[in-house]
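Hi everyone, thanks for making time today. I'd like to walk you through a protein model, so let me put it up on the screen.

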Amino acid sequence: MTRFETADSERRIPVGISACVLGEQVRFDGGHKRNRFVTDELAKYVRFRPVCPEMAIGLPVPRPTVRLVLTENEPRLVDSKHGQQDYTRQMQAFAEKHASGLNELCGFVVCAKSPTCGMERVKLYIPNGNTVPGGTVGVFTQKLMTAMPWLPVEEDGRLQDPVLRENFVFRIYALHDFYQSVAQRLSLDAFIKFHSRYKFVLMAHCPAAYKAMGQLVAGIKNWDLDEFFTEYRQQLMDALRQRANRRNNTNVLMHLQGYFKRSLTSRQKQELHDLIQSYRLGHQPILVPLALIKHYLKEYPDPYLQLQTFLNPYPEELKLRYGL
Ligand code: SF4
């Protein structure tokens, strides 16, 4: 069984989701917002925990629409027609209670634009009917992100973007890997081994965090391990939220190439160098030099490189690196 195969759905990565994105007919009009990538691709690898917060606080289907109105400097979740029904406190209380039972989650897909579930740029009205530039966050998602600031959260619409999609899935797998590798046997050794596997990942996503986290891990003996767990998780997930750009990825690829300097012939080295440069210039996806590096790794095994998550972050079948 490979690292990514799962024997049954119970062992898949737990991910929360707005129920309408999963295709459940829970929207105000009885419809849904099914996202094909979520239901046809991601669902093979994760175990979704759907929730419709508006139904969870007792609203029916169909129901009158709600919206966010800025009142006394606070967005209020009210009915769109008269603004008389205020669901804000009820929704906040539900979100807090729901989030407190979600510690095992490794990600959350929320529905864009919703005054309840939206993650950004949700319309925020002022009483005269105009909207506030930039909008705001839905009431449920705001509470969720405050309660779990390390959790990868993404909107259904943004998952259409190959770069955002890859980054989100990457973070889900990394957090799950962290829980599997460290949380279940909290020890100095487990942290150091995990951190060692993420060296190139951190270099690609955020060189500054790579340095800072190296220092953090070097001082691990001065920490209480539970506190270290919380701090490391937050720094890791903050770093991974930054997308790995072409320049940083090129730097990592060149580091990886360095591991083969004694094994490859001059012609092979030149070929790999040319592919890396071709990727740097945007002529090839990262998959092309990576495939050659993985091929050489099979021929010239290196135990340290073989463990690097950068080379194998999630199932290839998700095809997430095709567009990068
Ligand atoms: S956006 Fe959220 S509250 Fe609205 S239907 Fe979907 S899950 Fe329910």
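This is a predicted model: local features need pLDDT of at least 70, side-chain atom pairs count only at pLDDT 80 or more; totals for chains, interfaces and linings use all residues.

You'll find Arg 121 in the loop between β5 (108–110) and β6. There is something else about its backbone: Arg 121 has a positive phi of about 50°, and it isn't a glycine.

Now let's step back to the whole chain. There are 13 helices and seven strands in the protein chain. Along the principal axes, its C-alpha atoms fill a box of roughly 75 × 45 × 40 Å. Of the 324 residues, 49% are buried. The accessible surface comes to about 16,200 Å², and carbon and sulfur atoms account for 50% of that. If you take contacts between residues at least 6 apart in sequence, 67% of them join residues at least 24 apart.

Thr 136 has a relative accessible area of 15%, so it counts as buried, the cut-off being under 20%.

Next, please look at two helices. How do α3 and α4 meet? The axes of α3 (residues 88–100) and α4 (residues 139–147) come within 9 Å and cross at roughly 35°, and the crossing is right-handed. On the α3 side the contact includes Met 91, Phe 94 and Ala 95, while α4 brings in residues including Val 139, Phe 140 and Leu 144. By class, this contact has eight nonpolar, three polar and two charged residues.

Let me zoom in on Met 91, which belongs to helix α3. Met 91 is buried, at 0% relative accessibility. Leaving aside neighbours within four places in sequence, its contacts are Pro 53, Glu 54, Ile 57, Leu 77, Thr 116, Val 139 and Phe 140.

One of those names, Glu 54, comes up again at the ligand. Which residues are closest to the ligand? They are Cys 20, Cys 52, Glu 54, Ser 114 and Cys 117, out of 13 residues that surround it. That shell divides into eight nonpolar, two polar and three charged residues.

Now over to helix α1 (residues 36–41), where we find Phe 37. Phe 37 is buried, with a relative accessible area of 5%. Leu 318 is 281 residues away along the chain, yet the two C-alpha atoms are separated by 9.5 Å.

While we're in that part of the sequence, have a look at Lys 319, in the segment after α13 (303–306). Lys 319 is another non-glycine residue with a positive phi, here about 55°. Lys 319 is partly exposed, with a relative accessible area of 49%.

Pro 62 lies in the loop between α2 (53–56) and β3 (66–71).

Key. Residues are numbered from 1 along each chain as its sequence is written. Side-chain values use heavy atoms; hydrogens and water are left out. Axes are lines fitted to C-alpha atoms, for helices over the stretch in contact, and angles run from 0 to 180 degrees between N-to-C directions. Helices (H or I, at least four residues) and strands (E, at least two) are DSSP runs, numbered from the N terminus. A crossing is left-handed if the near helix is turned anticlockwise from the far one by less than a right angle, and right-handed if clockwise. Contact means heavy atoms within 4.5 Å. Ala, Val, Leu, Ile, Met, Phe, Trp, Tyr, Cys and Pro count as nonpolar, Asp, Glu, Lys and Arg as charged, and the others, Gly among them, as polar. A residue is near a molecule or strand if one of its heavy atoms lies within 4 Å of it. Buried means under 20% relative accessible area, exposed over 50%, partly exposed in between (1.4 Å probe, protein chains only). Accessible areas come from the Shrake-Rupley method with a 1.4 Å probe; for residues, only the protein chains shown count as cover.
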